[in-house]
Amino acid sequence: MTKAYAAESEHSGLAPYGIERRELRDDDVAIDILYCGVCHTDIHYAENDWGGTIYPVVPGHEIIGRVTSVGKDVKNYSEGDLVGVGCMVDSCRECSSCDQGLEQYCLNGMVPTYNGEDLHDKSITYGGYSEKIVVSDRFVVRVPENLDAAKAAPLLCAGITTYSPLRHFGVKEGHKVGVIGMGGLGHMGVKFAKAMGAEVTIFTRSESKVSEAKKQGADHVIISTDEKQMEEATETFDFLLDTVPVQHDLNPYINCLKVDGTHILVGLLEPVDPALQAGQLVMKRRVLAGSLIGGIPETQEMLDFCAEHDIHCDVEMLDIKNINDAFKRMKKGDVKYRFVIDMDTLKQS
């Protein structure tokens with residue numbers, strides 16, 4: 001049995017739980033988990049906010065650990081390697097998306113790291129709030145040793161969620177990028193856009209976040225509730241990276257885009273409310289786009305980019321016994337900017 005923390009119902013909270021990890025398949029990598037980031041998605045699944053949670057659920061998809069053993073067909077990893085596992089652990093590997101290294105868009109559905117169904121034995125996947133994990137080598141990434149392992153954990157979700165659209169849509173030196181929201185995703189968006197050479201502005205509702213935004217590297221800050229500041233930003237930006245996960249009016253932001261500008265949603269998964277004024281898109285040939293995480297090749301590229309540019313997530317370390325309190329704080333936005341579980345606290349419990 002492997003120690004873990006699981007929710008057994010939508011109201012139970014998380015508590016110690018024993019799980020079984022599978023025996024190694026020929027292409028598997030066994031990993032001793034050192035750190036696991038805490039994503040807001042973990043709360044949604046633990047509390048069944050989106051429906052479809054399969055209990056017991058062991059959350060966690062920002063995993064950093066050391067390889068302990070490998071299957072006989074594994075060539076790229078060996079015992080002792082520092083590796084990561086992100087939001088998915090398998091896909092069909094045959095469709096056009098998988099062939100392009102876009103496993104996150106697998107036409108047959110990728111297998112999430114937790115609350116998914118294994119394609120081989122139909123067991124339910126368990127995530128990183130546990131001592132160990134076993135994953136196919138195709139869904140493991142190498143973590144550069146010069147990265148701080150604890151601060152690298154959230155890169156496997158918050159990092160790649162913001163890196164992927166900036167890279168895909170071609171952000172480069174000279175572009176003006178606005179980042180909407182100053183949380184776990186937003187602060188990573190600032191770091192990546194700056195490293196790509198862009199001039200970066202944070203949009204925030206709070207005056208209190210101005211100094212923090214500048215500390216993160218933002219060139220400018222716009223208070224989105226200030227009508228004058230928003231008016232002055234009209235037709236200013238090449239790209240807007242929208243990290244806000246709750247309903248908000250997109251129309252004032254769309255108006256801040258230049259002709260051919262792109263507004264990229266990475267946080268909102270619900271119907272847009274209030275309604276979008278389509279004329280703002282049509283009259284300026286603007287684009288409203290969305291983006292998920294990246295595929296495995298791009299996730300590796302992102303980690304290497306972080307190592308090259310000394311980029312990491314701002315984290316608060318967590319004893320796993322305090323995970324339920326951490327969830328409460330996250331709901332209040334009381335974390336800068338990502339909790340990371342030190343898995344030694346589980347192993348020693």
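A salt bridge is taken here as a side-chain nitrogen of Lys or Arg within 4 Å of a carboxyl oxygen of Asp or Glu. The side chains of lysine 194 and aspartate 219 meet this criterion, with an N to O distance of 3.0 Å. The structure is a predicted model, in which local features need pLDDT of at least 70 and side-chain atom pairs count only at pLDDT 80 or more, while totals for chains, interfaces and linings use all residues. Residues are numbered from 1 along each chain as its sequence is written, and side-chain values use heavy atoms, with hydrogens and water left out.

**Domains**

- The protein is divided into domain 1 (2-157 + 294-348) and domain 2 (159-290), with bounds that come from an automatic or database domain assignment.
- The C-alpha centres of domain 1 and domain 2 are separated by 28 Å.
- The contact (heavy atoms within 4.5 Å) takes 20 residues from domain 1 and 18 residues from domain 2.

**Salt bridges**

- The count of salt bridges under the stated rule is 24.
- Lysine 194 belongs to helix α5 (residues 184-195) and aspartate 219 to the loop between α6 (210-215) and β12 (220-223), so their pairing ties together parts that are 25 residues apart in sequence. Helices (H or I, at least four residues) and strands (E, at least two) are DSSP runs, numbered from the N terminus.
- Lysine 194 is partly exposed, at 34% relative accessible area, and aspartate 219 is also partly exposed, at 30%. On this scale, buried means under 20% relative accessible area, exposed over 50%, and partly exposed in between, with a 1.4 Å probe and protein chains only.
- Aspartate 28 pairs with arginine 22 in a salt bridge whose closest N and O atoms are 2.9 Å apart. Aspartate 28 is buried, with a relative accessible area of 1%, whereas arginine 22 is partly exposed, at 27%.
- Aspartate 118 forms a salt bridge with arginine 25, the closest N and O atoms lying 3.0 Å apart. This pair links distant parts of the chain, 93 residues apart: aspartate 118 is in the loop between β7 (111-112) and β8 (132-136), and arginine 25 is in the loop between β2 (14-19) and β3 (28-38).
- Aspartate 118 is buried, with a relative accessible area of 7%.
- A network of salt bridges links Arg22, Arg25, Asp28, Asp118 and Asp121.

**Packing of helices α4 and α10**

- Helix α4 (residues 158-168) packs against helix α10 (residues 296-309) at an angle of about 100°, and their axes are 10 Å apart. The axes are lines fitted to C-alpha atoms, for helices over the stretch in contact, and angles run from 0 to 180 degrees between N-to-C directions.
- The two helices are therefore roughly perpendicular to each other, a class that covers 65 to 115 degrees; angles under 35 degrees count as roughly parallel, over 145 as roughly antiparallel, and the rest as oblique.
- Helix α4 contributes Gly159, Ile160, Tyr163, Ser164 and Arg167 to the contact, and α10 contributes Glu298, Thr299, Glu301, Met302 and Phe305.
- By class, the contact of α4 with α10 has four nonpolar, three polar and three charged residues. Ala, Val, Leu, Ile, Met, Phe, Trp, Tyr, Cys and Pro count as nonpolar, Asp, Glu, Lys and Arg as charged, and the others, Gly among them, as polar.

**Buried polar and charged residues in helices**

- Glutamine 300 is found in helix α10 and is buried, at 19% relative accessibility. Not counting residues up to four places away in sequence, glutamine 300 touches Val141 and Arg142.
- The C-alpha atoms of glutamine 300 and isoleucine 160 are 9.4 Å apart, although these residues are separated by 140 residues along the chain.
- Lysine 191 is found in helix α5 and is buried, with a relative accessible area of 14%. Lysine 191 touches Gln216, Ile311, His312, Cys313 and Asp314, with residues up to four places away in sequence not counted.

**Backbone geometry**

- Tyrosine 55 and proline 56 are joined by a cis peptide bond, with omega about 0°; proline 56 lies in the loop between α1 (40-46) and β4 (63-70).
- Aspartate 273 and proline 274 are joined by a cis peptide bond, with omega about 5°; proline 274 is in the loop between β14 (257-265) and α9 (278-282).
- Glutamate 235, a residue other than glycine, has a positive phi near 55°. Glutamate 235 is in the loop between α7 (227-232) and β13 (237-242) and is partly exposed, at 35% relative accessible area.
- Aspartate 310 has a positive phi of about 55° although it is not a glycine. Aspartate 310 lies in the loop between α10 and β16 (315-318) and is exposed, at 63% relative accessibility.
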